[in-house]
Amino acid sequence: MFDTRFRRRTAALASTAVLAALIGGASAAMAGEAYRTPPAPIAQILDAAPTPGVTLSPERKTLAILGRENLPPIRAVADPILRLGGYRLNPRTNGPIEARTTWMNSLSFEDVKTGAVRKVALPDGARFIETRWSTDGQHLAFVMEAPTGLELWVADLKTATARRLTGPVLNAAFGAGYDWLPDDSGFLVRQIPAGRGAAPAEPAAPEGPIVQQAAGRTAAIRTYQDLLADAHDEALFDHYFTSQLTRVALADGAATPVGAPGVINGFSTSPDGRYLLVTRLKRPYSYLVPAGRFPTEIQVLDAADGKLVKTLADRPLADNLSSAFDAVVAGPRNAEWRADAPATLVWAEAQDGGDPKKKVEIHDRVLMQAAPFDAAPATLIDLDLRYAGIDWGRGDFALVTSRWFDNRKEKRLAVDPSKPGAGRLLLERNYQDRYGDPGDAVSRRNAQGEAVLHFTPDGKGVFVTGAGATAKGEYPFVGVMNLADGKTARLWQAKAPYYEAPVALADEAGKTLITRRESKDEVPNYFVKPLKGGNGKALTAFVDRAPQFAGVTKQTITYSRPDGVKLSGDLYLPAGYDKAKDGPLPMLMWAYPEEFTDASVAGQTVDAGNRFTRPGGASHLFLLTQGYAVLDGPGMPIIGKDGAEPNDSYVEQLTADAKAAVDAVVALGVADRDRIAVGGHSYGAFMTANLLAHTDLFRAGIARSGAYNRTLTPFGFQSEQRTYWQATDTYTKMSPFTYVKQINEPILLIHGQADDNSGTFPIQSERFYAALKGAGATVRYTVLPYEAHGYRARESVMHTLWEMTDWMDRYVKNAPPRAAAPAAAK
């Protein structure tokens, strides 16, 4: 349905607030406040032109430099939207909504070899998204916004011109809505069916009640947003999400429909161009799960005439999966084309019925079937963990990855597709282990435009790139993984003082590298350089969009909690700060807890001193311009040791993490113990409320878009897989809602009125505010109209930063001394 309900709700809240103000005095809600602007230089930094984006052509000869729009105005974010089946879309364009889209507004081509830059002429006011290169690198396609829809455009590298290929007919409800054909002759496009007509009108009155029914079948469903709610929603879903696959010629835009229309949520062309792999959703729909779990058909069609060749799966509504993270649907899933073969289907099938709790030796089987799909499928490999993907290489080598959430285990196995049935273990690791991360295989695009492994010239290894995390810092690397034993030898690695991330190997032999380089003081820019020795040359010259921030200092501090777990955080100090002269500062700690199963992994600290930092959006780092110190990302690990569930000791571990951080900054002499606030967004907001409830470490709190009552997320949250009824005590103790009477520090609650994140319904903040107010707490609750989980409109971002600055000034910087030293725990 259209989000006019938010307009109605805002008006109702305002009317209620006015009445409350008349009868309730100073404690009442404040209605009709105008958007506020934060103090200088915050607004000036936010309004500075964004740094352009960059995309590299497949043959690595051209950079496309993409100008980006800044924050949109609230009037754009307030445009009507539809919320259907877990998706949000703009009914005017049948595409993405403003709050979730970063539009591009200019395009230039830069020759990597010569550095020559040519600007592509676009219409005045052009706004586009979803850029995709052709395989030969001669054209860049993109989706252009039009007054009544979305159009497919293409820019020609040779002439540096752009032209429209379709009218406003793209259906981008499920995403981009188009892809290149393997031979670069054109595109396969999801189009709005011809003659679709007007959207179904909402009935003036209901024809009956809305009924849902269960008949004893277990269905532990997590909390989802934007679900279908009634028959009218179902009709709207069919209207806006139904599309017609169409071939569109690059030469002249000629359009040829392929197959029948349907609710097509996925499509791809086989590498040889002969077949289409199509995923369709069908009724009956559900009001409890998002569209990805609706009844689904996975089919192979003839690319020429759209006729059915094979039905791989016809699965029912998947509303009965367990709450475990490794729960999957039964039957074929994750279907794709083998990238290094003409037309071979690959998919996974659970051997445990999709239930990870079943005790079986094999949890997943990966199968292959080549065209014409009439022979029995061959088992490529059986896996004792969940299938997590495959990197295709050549006839005798592919790399399979499997993972298991409970123990954070990852395996990488070599398989020989010409001899299916077995794999060879190359490595096994904890995927949260940053120090031991071997990197990921590098891919390149083959002649059919498919991503395949980039092998070394001798064919005995595959190039890899990794983050290169160590205690001293993150220094990305390029290496070669030996195909025989899986060991990686590093060929190149970034060196201090730089953080330099590989973007691509610039040649097939892997002798030249394109990187994105930055340092503490150097703006990120792109470079091309020899892999062995030499500084190379700059490809871009982007400038600092926030020079007002240049004097801010940053260092990564390390410390330990009482049980010996090492922790770290990035300490920022305002420009011009002198500890000897200025003494301890008021501080904001901004954090986000994370669950681990291994204390040694949880305790990995990585110095971030080689990163260029500038705030954007509603960043808490803007407070540095107002005389505050900020401890950003102090470690808040919640560790489950020896098979124990991490959250069973959540409050105790969180308290220990926070106290260690406070003690560390106070010991450094940069923070005033009596003037430290804590804050966070989403799960960080949940953390904030818990720390105020269970400790007296902080003077105030800022909690944005959080969840505070875990009974409202009874089938799991964050990394918690157990249900409320399986872990009632844990859910209760973790909910700050339970302990509102212990929250005696001022707390600022901010929430997007249209929050789209699973589990953080706005009612979480609404009810938490009511409970806090009822308990006599000092609390302010700000609702941002039309905003989702993250805040997008310029007015919303500005106002959020004003709220945060004002709260910090009022209750931290200028707060009177407390009567007694704070205790760690209440």
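Colleague: Is Glu-410 buried or exposed?

Modeller: In this predicted model, Glu-410 is buried, with a relative accessible area of 2%.

Colleague: Which residue does Glu-410 meet in a salt bridge?

Modeller: Arg-403. The N to O distance between the two side chains is 2.8 Å.

Colleague: And how accessible is Arg-403?

Modeller: Its relative accessible area is 34%. Arg-403 therefore counts as partly exposed, while values under 20% would be buried.

Colleague: How many salt bridges does a search of the whole structure find?

Modeller: It finds 52. One of them joins Glu-98 and Arg-127, at 2.5 Å from N to O.

Colleague: Where do Glu-98 and Arg-127 lie?

Modeller: Both are in loops. Glu-98 is in the loop between strand S4 (87-89) and strand S5 (104-111). Arg-127 is in the loop between strand S6 (117-119) and strand S7 (128-133). The pair therefore ties together parts that are 29 residues apart in sequence.

Colleague: Are Glu-98 and Arg-127 buried or exposed?

Modeller: Both residues are buried.

Colleague: Which residues are linked with Glu-98 and Arg-127 in a network of salt bridges?

Modeller: Glu-69, Arg-92 and Glu-145 are linked with them in that network.

Colleague: What about Arg-394, which residue does it form a salt bridge with?

Modeller: Asp-396. Their closest N and O atoms are 2.6 Å apart.

Colleague: What is the relative accessibility of Arg-394, and what is the relative accessible area of Asp-396?

Modeller: Arg-394 is at 27%, so it counts as partly exposed. Asp-396 is at 40% and is also partly exposed.

Colleague: Changing topic to the sheet. What is the order of the four strands in the open sheet?

Modeller: The order is S19-S20-S21-S22, and the pairing is antiparallel.

Colleague: Which are the edge strands?

Modeller: Strand S19 (332-337) and strand S22 (378-383), each of which pairs on one side only.

Colleague: By how much are neighbouring strands of this sheet turned against each other?

Modeller: By 20° on average, with direction ignored.

Colleague: How many bridges join S20 to S21?

Modeller: Seven. Strand S20 covers residues 344-350 and strand S21 covers residues 364-370, and the two run antiparallel.

Colleague: Which residue in S21 stands opposite Thr-344?

Modeller: Ala-370.

Colleague: Through what do strands of a sheet pair in general?

Modeller: Through backbone hydrogen bonds, either parallel or antiparallel.

Notes
Residues numbered from 1 in each chain as written. Predicted model: local features only at pLDDT ≥ 70, side-chain atom pairs only at ≥ 80, totals over all residues. Heavy atoms only, no water. Pairing = 2+ DSSP bridges. Axes fitted to C-alpha atoms, helices over the stretch in contact; angles between N-to-C directions. Salt bridge = Lys/Arg side-chain N within 4 Å of Asp/Glu carboxyl O. Buried < 20%, exposed > 50% of the residue type's maximum accessible area, 1.4 Å probe, protein only.
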